[in-house]
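Subject: Structure for your review

Dear colleague,

Please find the structure below, followed by a short account of what was found in it.

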2 protein chains.
Amino acid sequence: MILVRQEIGEVLRDFRQQKGHTLRQVAGRASVALGYLSEVERGQKEASSEILASVADALDVPISTIMREVGDRISVLEGLPTFPDVVPDDLVAEVGTELSLR
Amino acid sequence: MILVRQEIGEVLRDFRQQKGHTLRQVAGRASVALGYLSEVERGQKEASSEILASVADALDVPISTIMREVGDRISVLEGLPTFPDVVPDDLVAEVGTELSLR
């Protein structure tokens, strides 16, 4: 079973580490207990919406960015296609043909 | 403060209604109490990851789809740009020109 809290935890930890913050720093800024934040990061505790907002704020990452990253990771776990960032070749060819016919 | 549970609740209700299911039907399939599901839909209760997985399964909607939709809605609330689903006109023109030059 895919558990959203595990992905949320990993995403929060990744953003924290990308920004070079320690657990202690983020817990302090977000006013949450260090042990609790650690459990959230390890997917062992559900973060309430208030805690999530507070931690996102402490990390200076929009909540939407966190939730989209969570969605993308779960999509991989579900074996669903992720949305490509590039325009598919077929579409490029089609649009190109239409434009060159004008 | 933006609360993820409110957006999750609205997204779950929207998918349920789109599929023409009643609260009772989804609660039954997901094996959760009807009153609890109703509170989750109204953003009054946090759904645990297990409940979320169970409700997503009952709705036949991937969890990733739910989380991405939640991310998109929060992005609007945060005043951030949403990612366009269409190819920008400039890019289409550019690609078109390149293709017609080949």
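Two residues are in contact if their C-beta atoms, placed from the backbone, lie within 7 Å. Leaving aside neighbours within four places in sequence, A:Pro62 is in contact with A:Ala56, B:Glu78 and B:Leu80.

This is a predicted model: local features need pLDDT of at least 70, side-chain atom pairs count only at pLDDT 80 or more, and totals for chains, interfaces and linings use all residues. Residues are numbered from 1 along each chain as its sequence is written, while chains are lettered from A and ligands numbered from 1 in the order in which they are written. Chain A has an average pLDDT (the predictor's confidence in each residue, from 0 to 100) of 90, and 82% of its residues score at least 70. For the complex, the predictor gives an ipTM of 0.79 and a pTM of 0.80.

A:Pro62 lies in the loop between helix H4 (49-59) and helix H5 (63-77) of chain A; helices are DSSP runs of H or I, at least four residues, numbered from the N terminus. A:Pro62 counts as partly exposed because it has 19 C-beta neighbours inside 10 Å; a residue is buried with 20 or more, exposed with 12 or fewer, and partly exposed in between.

A:Asp60 belongs to the loop between H4 and H5 of chain A as well. A:Asp60 has a positive phi of about 60°, although it is not a glycine, and it counts as exposed, with 10 C-beta neighbours inside 10 Å.

Yours sincerely

Methods
Helices (H or I, at least four residues) and strands (E, at least two) are DSSP runs, numbered from the N terminus.
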